[in-house]
Amino acid sequence: MKKYLILLTTLFLITSCSTQRFSVNNNSKRQNPQSNPHFSQTSHFFFGGLDQETVINSSELCKDLGGVAFVETKLTFAQGLFTGLTYGIYAPRTNNIYCNK
């Protein structure tokens, strides 16, 4: 039982949340997203995402909504925990696109 507690504690310590946000439109009046994303997708990577990519055409998604304001990539706690449990074999990430309108 003590080994499982140590393993669980270690997994909680090595997992974390992270957010990378990129402002695409410098003319945007807001500095941070004020609403839910207009588009959200979970990308599935294997072996830590080594030599893998996800392509999302954000300009096409926001063409009727005034263009792209922010692009965001998130690693939630649950995704980080799952990545830790699989030793990086499976590493999901969430991609969010925020439009100007």
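This section describes the strands, helices and selected side-chain links of a predicted model.

Residues are numbered from 1 along each chain as its sequence is written. Because the model is predicted, local features are reported only where pLDDT is at least 70 and side-chain atom pairs only at pLDDT 80 or more, whereas totals for chains, interfaces and linings use all residues; side-chain values use heavy atoms, with hydrogens and water left out.

The description begins with the sheet. Helices (H or I, at least four residues) and strands (E, at least two) are taken as DSSP runs and numbered from the N terminus, and two strands are said to pair if DSSP finds at least two bridges between them. On these terms, 4 strands form an open sheet with antiparallel pairing, and their order is 1-3-4-2. Strand 1 (18-23) and strand 2 (39-46) are the edge strands, each of which pairs on one side only. From one strand to the next the twist averages 20 degrees, where axes are lines fitted to C-alpha atoms, for helices over the stretch in contact, and angles run from 0 to 180 degrees between N-to-C directions.

The pairings can be followed across the sheet in that order. Strand 1 is joined to strand 3 by 6 bridges, the two running antiparallel, and S18 stands opposite L75 of strand 3. Strand 3 is in turn joined to strand 4 by 6 bridges, again in an antiparallel arrangement; here V71 has I97, in strand 4, as its bridge partner. Strand 4 (residues 90-99) also pairs with strand 2, in the antiparallel sense and over 8 bridges, and in this pairing F46 has Y90 of strand 4 as its bridge partner.

Helix 3 (residues 77-85) lies across strand 2, strand 3 (68-75) and strand 4, and runs at about 155 degrees to strand 4. Accessibility is described with a 1.4 Å probe and protein chains only, such that buried means under 20% relative accessible area, exposed over 50%, and partly exposed in between. Within helix 3, the residues Q79, G80, L81, T83 and G84 are buried. For Q79 the relative accessible area is 10%, and this residue therefore counts as buried. When neighbours within four places in sequence are left aside, Q79 is in contact (heavy atoms within 4.5 Å) with T42, K74, P92, R93 and T94.

Just after helix 3, Y87 takes a positive phi of about 55 degrees, although Y87 is a residue other than glycine. Y87 is found in the loop between helix 3 and strand 4, and is exposed, with a relative accessible area of 73%. A positive phi of about 55 degrees is also found for D51, which is not a glycine. D51 lies in the loop between strand 2 and helix 2, and its relative accessible area of 80% places D51 among exposed residues.

The structure holds 1 disulfide, a disulfide being a pair of cysteine sulfur atoms within 2.5 Å. The cysteines joined are C62 and C99, with an S to S distance of 1.9 Å. This pair links distant parts of the chain, since C62 is in the loop between helix 2 and strand 3 while C99 is in strand 4, 37 residues apart. The torsion about the S-S bond of C62 and C99 is about -70 degrees, and the disulfide is therefore left-handed. C62, at 0% relative accessibility, counts as buried, and C99, at 1%, counts as buried as well.

K63 is placed in the loop between helix 2 (58-61) and strand 3. Between K63 and N100 the C-alpha to C-alpha distance is 9.9 Å, with a separation of 37 residues in sequence. A search of the whole structure finds 1 salt bridge, defined as a side-chain nitrogen of Lys or Arg within 4 Å of a carboxyl oxygen of Asp or Glu. In this salt bridge the side chains of E60 and K63 meet at 3.0 Å, N to O. With regard to accessibility, K63 is exposed at 53%, whereas E60, at 43% relative accessibility, counts as partly exposed.
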